[in-house]
Amino acid sequence: MKNSIGRPKTFEKEDVIKLAMNHFWEHGYEGTNLDDLLVAMGIKKSSFYRTFKSKEEVFFLSLELYKKETFLLLEQLKSQIGVKETLVYIIKCDIEESKELGRLKGCLLIDCGKESYKKFGIISDYIKKEMNSFVEFFTEFVEEGQKNGNIKNKLDSELLAVRYLTLYTGIISSLQAGIDFNVVDDLLIFVEELMD
């Protein structure tokens, strides 16, 4: 039997990035120190530095994973229930999460954008780039819904996507601030009307 003392711990990179993503989502970039991140990822410092350059790199990889998972989920929902229904459904899910748990994680990208705005230049620039990719994704999403008749509003697809994302982030921020659920329900009706 071989002695395994001193052997590096093996792990799946995407698995530990997902753990890091959830930690950043809960604590933010600035609120995450390396020691806490290592605990959240379940790895030792030596393993961390054999795989990653820095906390910043792990943060960027976390945002990439968040984007990948979000886009995949939206595509799956779209194929099951349609474009308009998907756009409304994700907001309804956030409202229900807030009602049931009394808190809401929100959007990792928006939360990190608010935290890093004009504070962490490289991170702020990276988040801006990622936000632009979200606008592009949602523009194509809306355009597909317009073409197949699922979304009746004939407004320019990019403008409609930006309006939707603005409403979405406003609703999330309002929920996180503790707004009355009746007001949020009215905003949800406005989202539905935006697509008609």
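Student: Which helices each supply at least two residues of the lining of the largest pocket?
Tutor: Helix 1 (13-27), helix 4, helix 5, helix 6 (108-116), helix 7 and helix 8 (157-176) each do. Helices here are DSSP runs of H or I, at least four residues long, numbered from the N terminus. A pocket is found on a 1 Å grid over the protein atoms alone: an open set of points where a 1.4 Å probe fits, with protein on both sides within 12 Å along at least five of seven lines. Lining residues have an atom within 4 Å of a point.

Student: What kind of model is this, before I go on?
Tutor: It is a predicted model: local features need pLDDT of at least 70, side-chain atom pairs count only at pLDDT 80 or more, and totals for chains, interfaces and linings use all residues. Residues are numbered from 1 along each chain as its sequence is written, and side-chain values use heavy atoms, with hydrogens and water left out.

Student: Back to the pocket. Which helix gives the most to the lining?
Tutor: Helix 4, with 6 residues.

Student: How much space lies in the largest pocket?
Tutor: About 550 Å³. That volume is the space filled by probe spheres set on the grid points, which are joined across faces, edges and corners. The lining has 27 residues, and the closest to the pocket centre are W25, Y66, T70, L73 and Y168.

Student: How does the lining split by class?
Tutor: 19 nonpolar, 3 polar and 5 charged residues. Nonpolar covers Ala, Val, Leu, Ile, Met, Phe, Trp, Tyr, Cys and Pro; charged covers Asp, Glu, Lys and Arg; the others, Gly among them, are polar.

Student: What is S62 in contact with, leaving aside its neighbours within four places in sequence?
Tutor: I17, A20, M21, F24 and L108. Contact means heavy atoms within 4.5 Å.

Student: And D94, where does that lie?
Tutor: In helix 5. D94 is buried too, with a relative accessible area of 11%. Not counting residues up to four places away in sequence, D94 touches L104, Y168, I172 and L175.

Student: Switching to charges. How many salt bridges are there?
Tutor: There are 10. Each one is a side-chain nitrogen of Lys or Arg within 4 Å of a carboxyl oxygen of Asp or Glu.

Student: Which residue does E144 pair with?
Tutor: K78, with the closest N and O atoms 2.7 Å apart. That pair links distant parts of the chain: E144 is in helix 7 (residues 121-147), K78 is in helix 4, and they are 66 residues apart. E144 is partly exposed at 35%, whereas K78 counts as buried at 14%.

Student: Where do K99 and E96 sit?
Tutor: In helix 5 (residues 83-101), 3 residues apart, so about one helical turn separates them. K99 is partly exposed at 35%, and E96 is partly exposed at 38%.

Student: And K147 with E143, how far apart are they in helix 7?
Tutor: 4 residues, or about one helical turn. Their salt bridge is 3.4 Å, N to O. K147 counts as exposed at 68%, while E143 is partly exposed at 32%.

Student: Which residues are linked in a network of salt bridges?
Tutor: K67, K129 and E130.

Student: Last topic, cysteines. How many disulfides does the structure hold?
Tutor: It holds 0. A disulfide needs a pair of cysteine sulfur atoms within 2.5 Å. For C93, the nearest cysteine sulfur is that of C107, 15 Å away. For C107, the nearest is that of C112, 8.6 Å away.

Student: Is C107 buried or exposed?
Tutor: C107 counts as buried, at 9% relative accessibility. C93 counts as partly exposed, at 32%.

Key:
Buried means under 20% relative accessible area, exposed over 50%, partly exposed in between (1.4 Å probe, protein chains only).
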